[in-house]
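I opened this model to look at side-chain packing. My notes follow in the order of looking.

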Amino acid sequence: MIDFDAASTGRNSLFYKRTGSVSKTDSWKIDDFKIILIISQLIFWPRFGILRKRKKMGLKSKRNIQNIIMKKLQFAILGAALIAIALSCISVESNGVNFGGQGNPVTLMTKSFDAASIKGIEALTSGGNISVSGDAVGQATIEVLGQGNNGKSYSKEEIMDILQRDYEFSVGKDGNKISAICKRKNSINWKNGVNISYVIHVSKDVSSALKTSGGNIQLSGLKGSQNFATSGGNIKFSELSGEVMGRTSGGNIVASDSHGDIQAHTSGGNIKMQNLEGTIEMRTSGGNIKGENVTGELSSSTSGGNIDLINIDATLKASTSGGSIEASFIKFSKAASLSTSGGSIRLDVPNAAKMDFDLRGSSVHVGAANQIEVEINKQKDHATGHLNGGGSILDASTSGGSVKIAFH
């Protein structure tokens, strides 16, 4: 399960930190093994039931039955041990899951620049993480970290040799921007490659263009244009202002305390947003969307997940192909359109709102409110009406579920 609420930031949040109080170096405890053993026994126990039936039929002696059961139990224990070994290679980060069991990152270099002279960042890496923070005073810094793929442990010197031989690698200042580039020269064996990560600290007024083929991206405290993409990692950003465009092919997105023109897309992960203001577009092809305290204009869509929105004061467009939608409005002064192909819709609107509504579903229920006029058809699957004389339009429709609206 992805822990959306983890609040750790900085270097440790990017590198193999398990959610909660368990660190990367913690070994599996006996309680973990007991749980795995129980699961293994549940998997193999039906076979024991077959043997017991055969015993009753007199097909095997008691001793033979006991021997077979002991062998099966030993096999289950062996399976549990293999599962434990496999799971020990999994490391959970503060905003997602990262597989590989890789060693600790090694600091390869740290470079410093006059923070006032830096207005942009260009960072490219083939498999590592990228972290950018707008908290630098006086000196902007970039720390470069490396580690081997496939669980291999390399020294600093070994990683630098691999970079020189197999990668195009450069870190420095190019005009008024920090440039950090790491890409393979040709198609090398992935197992013999390395992951290069960047931890960057700059002043607040800095734009960025970031890309990694598999790592996580984290940004905070920046003002300007931020464009970042990862092919499979998670995205987390906070305290951004300006134009923000984030993309991941399969990871999760966590966005908070930001305002501006914000777009974030994932091909299959979940999205969580909190305290956002501006023109906001959040899209996932299959995950869930959760939002709280959003103002301005919000467009959120998922191809199969649920949408859950709290304390909304925005022009809203929310759609899902198969999930349910729940939305509560702190104010309702702008239009809202909500649709799902198969789930239910639950709405909570201020009693003082001035609105017109049009609700469609397999069944429709309209709660009590002052100054409300409602018309419901005979089949009770379509309702229209006005609240406080009418105003902004609320349209909610579902092809297979129910629609309910309550007033507070």
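**Aromatic pairs**

I began with Phe-329, which is buried at 2% relative accessibility. This is a predicted model, so I read every value as computed. I then checked Phe-332, and that residue is buried too, with a relative accessible area of 7%. The cut-off for buried is under 20%.

How far apart are the ring centres of Phe-329 and Phe-332, and at what angle do their planes lie? I found 5.1 Å between the centres and 80° between the planes, so the pair is edge-to-face. Edge-to-face needs planes over 60 degrees apart.

I counted aromatic pairs by this rule and got two. Phe-228 and Phe-237 also form an edge-to-face pair, at 5.9 Å centre to centre and 65° between the planes. Phe-228 has a relative accessible area of 0%, so I logged it as buried. Phe-237 is buried as well, at 1%.

I listed the contacts of Phe-237, leaving aside neighbours within four places in sequence. The list includes Leu-219, Phe-228, Val-244, Ile-253, Val-254 and Ile-262. Ala-255, Ser-256 and Ser-258 are also on it.

Next I turned to the largest nonpolar core, which has 77 residues. Which residues have the most contacts inside it? They are Tyr-198, Val-202, Phe-237 and Leu-394. Strand S16, residues 307–320, gives this core its largest share, six residues. I noted the general background: in soluble globular proteins, nonpolar side chains tend to be buried together.

**Helix H4**

I moved to H4, residues 156–166, and asked which of its residues are buried. They are Ile-159, Ile-162, Leu-163 and Asp-166. These residues span an arc of only 100° around the axis, which puts them on the same side of H4. On the other side I found Glu-157, Gln-164 and Arg-165 exposed.

What do the buried residues of H4 pack against? I traced them to strands S3 (106–114), S6 (139–148), S7 (167–174), S8 (177–184) and S9 (194–201).

**Hairpin of S22 and S23**

My last stop was a strand pair. S22 (residues 372–376) and S23 (residues 382–387) are antiparallel, over five bridges. Ile-376 stands opposite Ala-383 in S23. Five residues lie between the strands of this hairpin.

Methods: Residues are numbered from 1 along each chain as its sequence is written. This is a predicted model: local features need pLDDT of at least 70, side-chain atom pairs count only at pLDDT 80 or more; totals for chains, interfaces and linings use all residues. Side-chain values use heavy atoms; hydrogens and water are left out. Buried means under 20% relative accessible area, exposed over 50%, partly exposed in between (1.4 Å probe, protein chains only). Helices (H or I, at least four residues) and strands (E, at least two) are DSSP runs, numbered from the N terminus. The arc is that of the directions from the helix axis to the C-beta atoms. Contact means heavy atoms within 4.5 Å. A nonpolar core is a set of buried Ala, Val, Leu, Ile, Met, Phe, Trp, Tyr and Cys residues joined through side-chain atoms within 4.5 Å. Rings of Phe, Tyr and Trp (its six-membered ring) pair if their centres lie within 6.5 Å; planes under 30 degrees apart count as stacked, over 60 as edge-to-face and the rest as tilted. Two strands pair if DSSP finds at least two bridges between them.
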